[in-house]
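Follow the chain through its sheet and then back to its helical part. The paragraphs below take the strand pairings one after another.

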Amino acid sequence: MSTDASVSFLTQEAYDRLVAELEHLSTTGREEIAKRIEAAREEGDLKENGGYHAAKDEQGKQEARIRTLQAMLKTAKVGEAPTSTGVVESGTVVTAIVAGGEEVFLLGNREIAVGSDIDVYSEASPLGSAILGLKEGEKTSYTAPNGREIAVEVVKVDTYTGQ
């Protein structure tokens, strides 16, 4: 697995779901928004037209999601979750003592764990980048966004099974 934070691990199922979402948003989704904007535009004064502004806002969010999906799919490494070797890598489930409390989470992209209750941390997050490449039993610390130094100990690294 690459430790490059711009490359994300995706299961084949997650990849296929995201490709389908991108296809829908890029075609049908854009057509629907365009029709809503046009219908709202025909109602008259655009300054006072809440439907027009809501449709334009939704269009902006949809276009942002399309760009996000395109970037994610372009750099995705697709396949089975890596078999755990006791080293923290993208696509593994990590049990760690973080700031004195035990946490279990998936290191990778949140799109992998859609429908699952497991927490997900990105490899690019402060915690993710601090533990990436560590072995079971190793300790480190990272600086939280609030400036606090947080101690971390990797307790266990498991293969992600989809639950």
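In β5, Tyr 121 is the bridge partner of Leu 107. Strands here are DSSP runs of E of at least two residues, helices are runs of H or I of at least four residues, and both are numbered from the N terminus. Two strands count as paired if DSSP finds at least two bridges between them. By that rule β4 and β5 (residues 119-121) pair in the parallel sense, over 3 bridges. This is a predicted model, in which local features need pLDDT of at least 70 and side-chain atom pairs count only at pLDDT 80 or more, while totals for chains, interfaces and linings use all residues. Residues are numbered from 1 along each chain as its sequence is written, and side-chain values use heavy atoms, with hydrogens and water left out.

β4 (residues 101-107) also pairs with β3 (residues 92-98), in the antiparallel sense and over 7 bridges. Along this pair, Val 93 stands opposite Leu 106, Thr 95 has Val 104 as its bridge partner, and Ile 97 has Glu 102. The hairpin of β3 and β4 has 2 residues between the strands, and Ala 99 takes a positive phi near 55° there.

Another pairing of β3 is with β7 (residues 149-159): the two run antiparallel and are joined by 7 bridges. Val 93 stands opposite Asp 158 in β7. Of the 7 residues of β3, 6 are buried, so the strand is largely enclosed by the rest of the structure. Buried means under 20% relative accessible area, exposed means over 50%, and partly exposed lies in between, with a 1.4 Å probe and protein chains only.

Taken together, 5 strands form an open sheet of mixed pairing in the order β5-β4-β3-β7-β6. Its edge strands, β5 and β6 (139-143), each pair on one side only. From one strand to the next, the twist averages 45°; axes are lines fitted to C-alpha atoms, for helices over the stretch in contact, and angles run from 0 to 180 degrees between N-to-C directions.

The helical part includes α2 (residues 50-75), where Arg 65 is placed. The 26 residues of α2 should span 38 Å at 1.5 Å a residue, and its end C-alpha atoms are 38 Å apart, which agrees. The expected span is 1.5 Å times one less than the number of residues. Buried residues of α2 include Tyr 52, Gln 62, Arg 65, Ile 66 and Leu 69. The buried residues of this helix pack against β1 (8-10), α1 (12-41) and β2 (76-78).

Arg 65 touches Leu 18, Glu 21, Leu 25, Arg 110 and Glu 111, not counting residues up to four places away in sequence; contact means heavy atoms within 4.5 Å. Its side chain makes a polar contact with the side chain of Glu 21, at 2.9 Å. A polar contact is a pair of N or O atoms within 3.5 Å; within protein, one must be able to donate a hydrogen and the other to accept it, and residues adjacent in sequence count only if both atoms are side-chain atoms.
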